[in-house]
Amino acid sequence: MSIVSWLLDRRGERVGVARGPRRATVRPESAAGVLGARVGVETLRRRHVRAILAIEHRVYPRPWTIGIFTTEIDGMANGDRHYVVAVDGGRLVGYAGMLFTLDEAHITNIAVDPSLHRSGVGTRLMLELMGEGRRRTIRNVSLEVRVSNVAAQRMYEAFGFTTAGIRPKYYENVEDAKIMWCYEIGTDEYGARMRDLWQQLEQG
């Protein structure tokens with residue numbers, strides 16, 4: 001059962017900034033899109049890395065290496081990371097991940113194939129991550145996003161993230177990052193927010 005299915009079945013039950021690579025700079029995408037509602041979401045495996053790297057190099061000025069992704073996959077085996085991929089018709093179209101420290105989580109990376117921006121894939125991946133956080137009884141989630149990436153900020157705000165500060169010249173030693181936090185994701189109220197977002201995604 002997917003995290004989203006579990007979330008909808010449970011009807012809102014309960015299910016710090018961590019160290020490590022941080023990349024949450026999802027490309028422009030709206031909170032609605034037919035594709036986002038239909039894509040499959042799978043756990044990241046080593047066989048996915050080649051397709052992920054192809055998107056990395058199209059999306060980021062400084063893409064992660066095979067070594068970084070391998071380290072993150074190893075972290076999943078230890079239980080302190082969670083990475084997923086979005087697949088449409090056998091084609092990998094996006095990926096996302098987070099790491100956990102005690103009762104907090106940090107979104108490390110989220111990216112969508114540039115040809116599918118505004119399709120809802122990013123929202124689908126965020127639903128999966130936040131659902132996993134709820135399942136693990138995480139309280140608070142953080143991320144960084146480029147100050148210029150207004151579309152991503154709007155998506156994060158739809159998930160309840162608010163700006164908590166600025167990291168100067170965080171990206172390529174040039175662009176500032178906004179630090180954003182979402183608090184108390186295990187509440188019934190947050191479960192209702194996620195159900196609303198999922199319904200919006202389905203409606204396109």
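Modeller: Happy to! Let's begin with a helix pair: T123, R124, L127, M130, G131 and R134 in helix 5 meet Y190, G191, M194, L197, W198 and L201 in helix 7. Contact here means heavy atoms within 4.5 Å. Helices (H or I, at least four residues) and strands (E, at least two) are DSSP runs, numbered from the N terminus.

Biologist: Before we go on, what sort of model is this and how are residues numbered?

Modeller: This is a predicted model, where local features need pLDDT of at least 70 and side-chain atom pairs count only at pLDDT 80 or more, while totals for chains, interfaces and linings use all residues. Residues are numbered from 1 along each chain as its sequence is written, and side-chain values use heavy atoms, with hydrogens and water left out.

Biologist: Thanks. Back to helix 5 and helix 7: at what angle do their axes cross?

Modeller: At roughly 155°, and the axes come within 11 Å, with helix 7 spanning residues 188–203. Axes are lines fitted to C-alpha atoms, for helices over the stretch in contact, and angles run from 0 to 180 degrees between N-to-C directions. That makes helix 5 roughly antiparallel to helix 7. For the cut-offs, angles under 35 degrees count as roughly parallel, over 145 as roughly antiparallel, 65 to 115 as roughly perpendicular and the rest as oblique.

Biologist: And is the crossing of helix 5 and helix 7 left-handed or right-handed?

Modeller: The crossing of helix 5 and helix 7 is left-handed. The term left-handed applies if the near helix is turned anticlockwise from the far one by less than a right angle, and right-handed if clockwise. By class, the contact of helix 5 with helix 7 has seven nonpolar, three polar and two charged residues. Ala, Val, Leu, Ile, Met, Phe, Trp, Tyr, Cys and Pro count as nonpolar, Asp, Glu, Lys and Arg as charged, and the others, Gly among them, as polar.

Biologist: How do helix 3 and helix 4 cross?

Modeller: Their axes come within 11 Å and cross at roughly 125°, helix 3 being residues 49–59. Helix 3 and helix 4 are therefore oblique to each other, and their crossing is right-handed. V49, I52, L53 and E56 of helix 3 make the contact with I66, F69 and I73 of helix 4. Those residues divide into six nonpolar, no polar and one charged.

Biologist: Switching topic: how many aromatic pairs are there?

Modeller: Rings of Phe, Tyr and Trp (its six-membered ring) pair if their centres lie within 6.5 Å; planes under 30 degrees apart count as stacked, over 60 as edge-to-face and the rest as tilted. By this rule the count comes to five aromatic pairs. One of them is F69 with Y95: the ring centres are 6.1 Å apart and the planes are at 80°, so the pair is edge-to-face. F69 lies in helix 4 (residues 66–78) and Y95 in strand 3 (residues 91–101), so the pair ties together parts that are 26 residues apart in sequence.

Biologist: Are F69 and Y95 buried or exposed?

Modeller: F69 is buried, with a relative accessible area of 0%, and Y95 counts as buried at 1% relative accessibility. Buried means under 20% relative accessible area, exposed over 50%, partly exposed in between (1.4 Å probe, protein chains only). W64, F69 and Y95 form one aromatic cluster.

Biologist: Zooming out, what does the secondary structure come to?

Modeller: The protein chain has seven helices and seven strands. Buried residues make up 52% of its 204 residues.

Biologist: Which residues of helix 6 are buried?

Modeller: In helix 6 (residues 150–158), A151, A152, Q153, M155 and Y156 are buried. Their cover includes strand 4 (104–112), helix 5 (121–135), strand 5 (140–146) and strand 7 (175–182). Just after helix 6, G160 takes a positive phi of about 95°.

Biologist: Which residue other than glycine has a positive phi near 60°?

Modeller: T137 does; T137 is found in the loop between helix 5 and strand 5, and at 39% relative accessibility counts as partly exposed. N173 also has a positive phi, of about 60°, although it is not a glycine. N173 is found in the loop between strand 6 (162–171) and strand 7, and at 57% relative accessibility N173 counts as exposed.
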